[in-house]
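Here are a few exercises to work through with the model open beside you. Try each task before reading its solution.

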Amino acid sequence: MDYQAPGSQRRKYRRVLVLGVCVLILIAVVGVCLGIAFGHRSSGPKNDRFAGNFKTVIISKCKAYLGLNEEQSSENTCEKVWDAFSGAYVGRDPCDVPMEAYDSLIHAVNPKAACNRMLFWSQTKDIVHQFTEAKKCLLTLEDTLLGFIMDNLTWCSKNGSKETFSTGCPGWSECEKNPVRSFWNRVSAAFAESACGEVTVMLNGSVDTPFRANSIFASIEVKKFSSPKMRALNVILVTRGNDTANCENDSLQNLQAVLDPTLKYTCTEVHRSKIMDCISDPDKPCGACW
């Protein structure tokens, strides 16, 4: 799902639009806070002050990612994204939105593969995204169009409603088929299905179980990896010293056991400080980071 917009002009548009999105979100959050302060907001989603701005935020983030200004083409593309996205959950019970509800969204975006550049992660989100922000050699799900738009957002609707709410929504573990969890499960599956060439995953060596069975990486993404389009999985185990896990960890043995046996598997233990040094050095090539 590689939707990186080329060219310095597009990158300039993207930076400007990202700033605009931040302003919109700030305004929306202030509105919520004022509503709470003056007692105008109920405990449920009915009077959610953020709801009226949600479509604007989605479309603005979409345009920011595409790196286009107010061109008709970006308007049409982002409207299609919104229509397919909102159609998945609007008017539905917030605990009854299955993964398949987002199929139309995946088809609308028509994700493209990023061979040899795909980076998966589990329990390493902060350092992974610091890395991809500084180094453009690898691409995470959150660096794709849909991942970029929806990262850190919460949304839901309710039976018979035409609105989107960002409060009063079920939490990640409150019910399995909530709209946020189903979205990330579905786009993660699509991202993994497109994996090709050599694929990298960054796991946490400071925990007992780097490859957790209930993580999205283990429960969804690994199961979508397939050869011959994907050739290898390279595990980068991020360590800090005095770690509880290494490349011989039992959970990583489990990863090898469930992985397509035709895929080449490697594991490299890399101290966090080495990756951080690489992030801070713009001249250092990605291959030198581990």
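A polar contact is a pair of N or O atoms within 3.5 Å; within protein, one must be able to donate a hydrogen and the other to accept it, and residues adjacent in sequence count only if both atoms are side-chain atoms. This is a predicted model, where local features need pLDDT of at least 70 and side-chain atom pairs count only at pLDDT 80 or more, while totals for chains, interfaces and linings use all residues. Residues are numbered from 1 along each chain as its sequence is written, and side-chain values use heavy atoms, with hydrogens and water left out.

**Exercise 1.** Find which backbone atoms the side chain of Ser 157 reaches.

*Solution.* Start by locating Ser 157: look in the loop between helix H6 (145–150) and helix H7 (179–193). (Helices, H or I with at least four residues, and strands, E with at least two, are DSSP runs numbered from the N terminus.) Next, pick out the backbone oxygen of Glu 163, 2.8 Å from a polar atom of the Ser 157 side chain. Then go to Gly 91, whose backbone nitrogen is reached by that side chain at 3.0 Å.

**Exercise 2.** Decide whether Ser 157 is buried or exposed, and list what it touches.

*Solution.* Take the cut-offs: buried is under 20% relative accessible area, exposed over 50%, and partly exposed in between (1.4 Å probe, protein chains only). Ser 157 has 2% relative accessibility, so it counts as buried. Now for contacts, meaning heavy atoms within 4.5 Å. Skip neighbours within four places in sequence, and you get Tyr 89, Val 90, Gly 91, Arg 92, Pro 94, Glu 163 and Phe 165.

**Exercise 3.** Classify the ring pair Phe 85 and Trp 155, then Phe 120 and Phe 217.

*Solution.* Rings of Phe, Tyr and Trp (its six-membered ring) pair if their centres lie within 6.5 Å; planes under 30 degrees apart are stacked, over 60 edge-to-face, the rest tilted. That rule gives 17 aromatic pairs. For Phe 85 and Trp 155, the centres are 5.2 Å apart and the planes at 65°, so call it edge-to-face. This pair joins distant parts of the chain, 70 residues apart: Phe 85 sits in helix H3 (residues 72–89), Trp 155 in the loop between H6 and H7. With 0% relative accessibility, Trp 155 counts as buried. Phe 120 and Phe 217 have centres 6.3 Å apart and planes at 45°, so that pair is tilted. Here 97 residues separate Phe 120, in strand E1 (residues 119–122), from Phe 217, in helix H8 (residues 216–224).
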